[in-house]
Amino acid sequence: MSRVLTALLFAAASFLLCSCGMIKSLIPDSMPKLPKIGMPSLPSRNTVAKLVPGMSERDKVNAEDPDVPFNSRGTLGFGHTVRLEIYEGTRGPDRIYRGIEMINTEGLLPLGKVGSARVGGLTLPKAAEAIATVFRLAGRNTREITVQIISVENTPVIYLNGDVMEAEFIPLFDDMSVRQAVTVTGGRKPGSTSRGFYISRHGQRHFFTSLEAADKNWKPQAGDVITLSPDI
């Protein structure tokens with residue numbers, strides 16, 4: 001009985017092997033391969049180094065500089081590290097400062113030989129004003145000071161002010177348009193009929209008559225300052 005069972009099992013196995021071989025022979029070797037489906041890439045937020053050649057790739061002053069959560073609409077505090085440039089004048093502006101600085105335990109942001117700005121507990125717009133005041137008093141001049149905060153804790157930002165609901169810094173995202181940046185802030189003040197605005201980059205101001213004109217000719221970059229004119 002066991003010999004009969006063994007013979008039956010052997011016969012069944014042989015049949016399966018032959019069947020697999022026949023099926024494989026029917027499939028052509030040139031059968032097209034299924035294409036690999038790539039996952040969409042998330043917008044890169046750590047692109048500041050490409051925008052500011054010659055500076056560190058990360059917002060770090062040293063190995064002890066901690067990673068601190070950052071909210072562009074929140075307040076600054078100890079450990080927040082800021083990448084910034086300061087320009088003097090609007091026609092033929094001069095860059096008078098450039099650096100990556102960390103807010104210390106006293107809430108002060110070191111600014112080289114110029115001194116320090118007390119920015120702890122301030123929002124980014126107020127911090128920018130405090131920084132500008134330090135440079136204005138140090139220089140004792142009447143030329144306009146432009147503070148361009150490029151990033152905080154490796155988050156690229158742009159600044160919107162002027163004829164807006166509220167001046168604020170917003171994170172820069174890939175393929176952002178000028179119109180999108182203005183929309184994020186809530187747009188112009190209620191009742192405003194103005195359309196013109198300025199964009200400052202590297203201290204140089206560029207004027208646009210409308211959002212449509214800007215979207216055709218301008219791609220927002222970390223550190224840009226968009227000022228909506230209240231008069232034009």
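This is a predicted model: local features need pLDDT of at least 70, side-chain atom pairs count only at pLDDT 80 or more; totals for chains, interfaces and linings use all residues.
Reader: Which element gives the most to the largest nonpolar core?

Author: The largest nonpolar core has 26 residues. Elements giving it two or more residues are β1 (81-88), α3 (124-139), β5 (145-152) and β6 (155-162). With seven residues, the top contributor is α3.

Reader: Which residues does L111 touch, leaving out those up to four places away in sequence?

Author: L111 is among the residues with the most contacts inside the largest core, along with I131 and I149. Sequence neighbours up to four places away are not counted here. The residues touched are L84, Y97, S116, A117, I131, V134 and F135.

Reader: How many residues are in the other core, the one with M176 and W218?

Author: This core lies apart from the largest one. Its members include M176, A181, W218 and I226. The count is 18 residues.

Reader: Is the pair of Y198 and F207 stacked or tilted?

Author: The ring centres of Y198 and F207 are 5.1 Å apart, with 55 degrees between the planes. Stacked needs planes under 30 degrees apart, and edge-to-face needs over 60.

Reader: Is Y198 buried or partly exposed?

Author: Buried means under 20% relative accessible area, and exposed means over 50%. Y198 has 24%. That value falls between the cut-offs, so Y198 is partly exposed.

Reader: What lies over the face of Y198?

Author: Over the face of Y198, at 4.1 Å from the ring centre, lies R205.

Reader: Why is the pair of F208 and W218 edge-to-face?

Author: F208 is in strand β9 (residues 204-208), and W218 is in the loop between α5 (211-217) and β10 (225-228). Their ring centres are 5.8 Å apart. Edge-to-face requires planes over 60 degrees apart. The pair qualifies because its planes stand at 75 degrees.

Reader: Is W218 buried or exposed?

Author: The cut-off for buried is under 20% relative accessible area. W218 has 13%, so W218 is buried.

Reader: Which residues form one aromatic cluster?

Author: F208 and W218 are an edge-to-face pair. The cluster also takes in F197. Its members are F197, F208 and W218.

Reader: Which element supplies the largest share of the lining of the largest pocket?

Author: The largest pocket holds about 560 Å³ of space. Its lining has 23 residues, and those closest to the centre are P125, E129, Y159, N161 and A167. At least two lining residues each come from α3, β5, β6, β7 (168-171) and β10. The largest share, six residues, is from α3.

Note on methods:
Residues are numbered from 1 along each chain as its sequence is written. Side-chain values use heavy atoms; hydrogens and water are left out. A nonpolar core is a set of buried Ala, Val, Leu, Ile, Met, Phe, Trp, Tyr and Cys residues joined through side-chain atoms within 4.5 Å. Buried means under 20% relative accessible area, exposed over 50%, partly exposed in between (1.4 Å probe, protein chains only). Helices (H or I, at least four residues) and strands (E, at least two) are DSSP runs, numbered from the N terminus. Contact means heavy atoms within 4.5 Å. Rings of Phe, Tyr and Trp (its six-membered ring) pair if their centres lie within 6.5 Å; planes under 30 degrees apart count as stacked, over 60 as edge-to-face and the rest as tilted. A charge sits over a ring if NZ of Lys or CZ of Arg is within 6 Å of the ring centre and within 35 degrees of the ring normal. On a 1 Å grid over the protein atoms alone, a cavity is a set of points where a 1.4 Å probe fits but cannot get out, and a pocket is an open set with protein on both sides within 12 Å along at least five of seven lines; lining residues have an atom within 4 Å of a point. Grid points are joined across faces, edges and corners, and a volume is the space filled by probe spheres set on the points.
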